[in-house]
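Colleague: Before I rely on the labels attached to this model, I would like to hear what stands behind each of them.

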Amino acid sequence: MIMALPRKVKETAEWKRASGEFSVITVPAAILSLKTFAKIQKDAEKILGEEGAAVLLYEAGKDAGKTWISRFHDEWGLREAENEFIRAAEEFYAELGWGKFSIDIEHRTISIKNSFIARSYGKGEAKKPVCHFLCGYNASLITELINKVVDVEERKCMAKGDRYCEFIAVNP
Ligand SMILES: [Zn+2]
């Protein structure tokens with residue numbers, strides 16, 4: 001059965017104070033500060049090199065994307081309501097604090113204003129795009145929406161001084 005689109009995070013969130021667990025649309029989750037995320041990424045860059053850290057975070061993002069998008073798909077019925085699904089997903093990420101997503105399926109492009117990674121890294125702090133986790137995540141998102149496997153490149157990034165981050169699908 002396809003449920004009505006749950007548009008608010010709080011409608012799908014479940015807090016279990018007694019056991020210290022939290023989930024969103026039944027996916028076990030935890031809340032991390034932006035500062036902690038930036039610390040993990042910057043340390044990974046020191047330990048693994050920028051390229052190694054980028055691959056690690058991209059793959060983690062892709063995996064997270066698959067998990068969440070399959071939950072959206074099961075709960076919301078993706079193909080039956082594509083535009084509605086896209087709007088609901090954009091709203092959902094905004095509520096999670098991930099940034100303001102604009103998903104343009106025709107051009108296979110996703111723009112994000114105030115990406116949580118760029119914000120955690122520091123606006124204008126980087127020379128290259130840094131939102132590798134969201135890049136991998138968006139690869140899974142576009143793959144699911146167009147039903148074709150793609151990789152995604154981040155061409156603009158708020159962390160290197162652009163007004164927003166821009167992710168474009170490329171062939172794998
Ligand atoms: Zn970025």
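This is a predicted model: local features need pLDDT of at least 70, side-chain atom pairs count only at pLDDT 80 or more; totals for chains, interfaces and linings use all residues.

Modeller: Residues are numbered from 1 along each chain as its sequence is written, and side-chain values use heavy atoms, with hydrogens and water left out.

Colleague: What makes Cys131, Glu154, Cys157 and Cys165 donors of the zinc ion?

Modeller: Donors are N, O and S atoms within 2.8 Å of the metal (3.2 Å for Na, K and Ca), and since water is not among the atoms, sites may look incomplete. The SG atoms of Cys131, Cys157 and Cys165 and the OE of Glu154 lie 2.0 to 2.3 Å from the zinc ion, and the donor residues follow the spacing C-x22-E-x2-C-x7-C.

Colleague: Why is the arrangement around the zinc ion called tetrahedral?

Modeller: Four donors count as tetrahedral if all angles lie between 85 and 135 degrees; the four donor atoms here subtend 102 to 115 degrees, so the arrangement is tetrahedral.

Colleague: What makes helix 5 mostly covered?

Modeller: Helices are DSSP runs (H or I) of at least four residues, numbered from the N terminus, and helix 5 covers residues 132-146. Buried means under 20% relative accessible area (1.4 Å probe, protein chains only), and 13 of the 15 residues of helix 5 are buried.

Methods. Four donors count as tetrahedral if all angles lie between 85 and 135 degrees; four count as square planar and six as octahedral if opposite donors are over 155 degrees apart and all others between 65 and 115; anything else is irregular. Helices (H or I, at least four residues) and strands (E, at least two) are DSSP runs, numbered from the N terminus. The expected span of a helix is 1.5 Å times one less than its number of residues. Buried means under 20% relative accessible area, exposed over 50%, partly exposed in between (1.4 Å probe, protein chains only).
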